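Subject: Structure for you to look at

Hello,

Please find the structure below. My notes on it follow.

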Amino acid sequence: MSADETVTNLRRPPVRQSVLVRSTRSHTFDTFVRTLGAWWPLVPYSAGRDRVREVRFDRFASGRVYEIRSDGTEFDWGRVLFWDPPHRFTLTWTMTSTPTEVELSFTELAPALTRVTVEHRGWDRLTDDELAAACTLPGGYTGGAYDLGWARILRCLVAAVEGGSPRDVDP
């Protein structure tokens with residue numbers, strides 16, 4: 001290698017998932033942020049799992065997203081970095097050992113059809129060991145667990161928005 005060649009580490013790509021929802025953008029966005037605790041699959045995608053009583057989403061920049069457990073203990077999932085309802089929001093994701101970032105966007109494709117896209121990024125901040133253990137599902141980021149997890153979470157959102165039962169969504 002010559003002296004003027006630069007070695008660049010391979011970037012760890014963001015996890016991206018999207019889903020179509022048969023609903024307006026405003027209703028879909030509202031369902032996500034206002035009723036998060038009712039449809040989000042808390043087991044296994046929360047810190048407190050079956051001890052979680054409620055999930056709150058502060059709907060403003062610098063607000064918290066956090067769970068409240070049955071004993072009253074609060075656990076932060078992240079902080080809202082960018083808030084633009086009903087188009088998108090970005091938050092830190094502190095459910096990983098080193099914080100990452102999650103962006104949700106809501107795109108109106110027709111009067112009652114919305115694409116919801118999640119981009120979970122910032123994986124370069126984690127060590128190899130953290131990446132392998134960075135999810136409640138086996139394999140962490142490196143094993144594709146976040147791809148599977150976000151796909152399931154978005155299917156639960158679709159069920160909640162479209163009037164189905166999010167608890168019946170297959171893992």
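Which strands does helix α4 lie across? Helix α4 (residues 145–161) lies across β1, β5, β6 and β7, and runs at about 20 degrees to β1. Helices (H or I, at least four residues) and strands (E, at least two) are DSSP runs, numbered from the N terminus. Axes are lines fitted to C-alpha atoms, for helices over the stretch in contact, and angles run from 0 to 180 degrees between N-to-C directions.

This is a predicted model, in which local features need pLDDT of at least 70, side-chain atom pairs count only at pLDDT 80 or more, and totals for chains, interfaces and linings use all residues. Residues are numbered from 1 along each chain as its sequence is written, and side-chain values use heavy atoms, with hydrogens and water left out.

The sheet is open and has seven strands in the order β1-β7-β6-β5-β4-β3-β2, with antiparallel pairing (strands pair if DSSP finds at least two bridges between them). β1 (15–21) and β2 (52–57) are at the edges with a single partner strand each, so one side of each has no neighbour in the sheet.

β3 (residues 64–69) and β4 (residues 74–84) are joined by five bridges; I68 stands opposite E74, and Y66 has D76 as its bridge partner. Four residues lie between these two strands in a hairpin, where G72 in the turn has a positive phi of about 90 degrees.

T28 lies in helix α1 (residues 25–34). T28 is buried (under 20% relative accessible area), at 0%. Its contacts (heavy atoms within 4.5 Å), leaving aside neighbours within four places in sequence, include F106 and L157.

Regards

Key: Buried means under 20% relative accessible area, exposed over 50%, partly exposed in between (1.4 Å probe, protein chains only).
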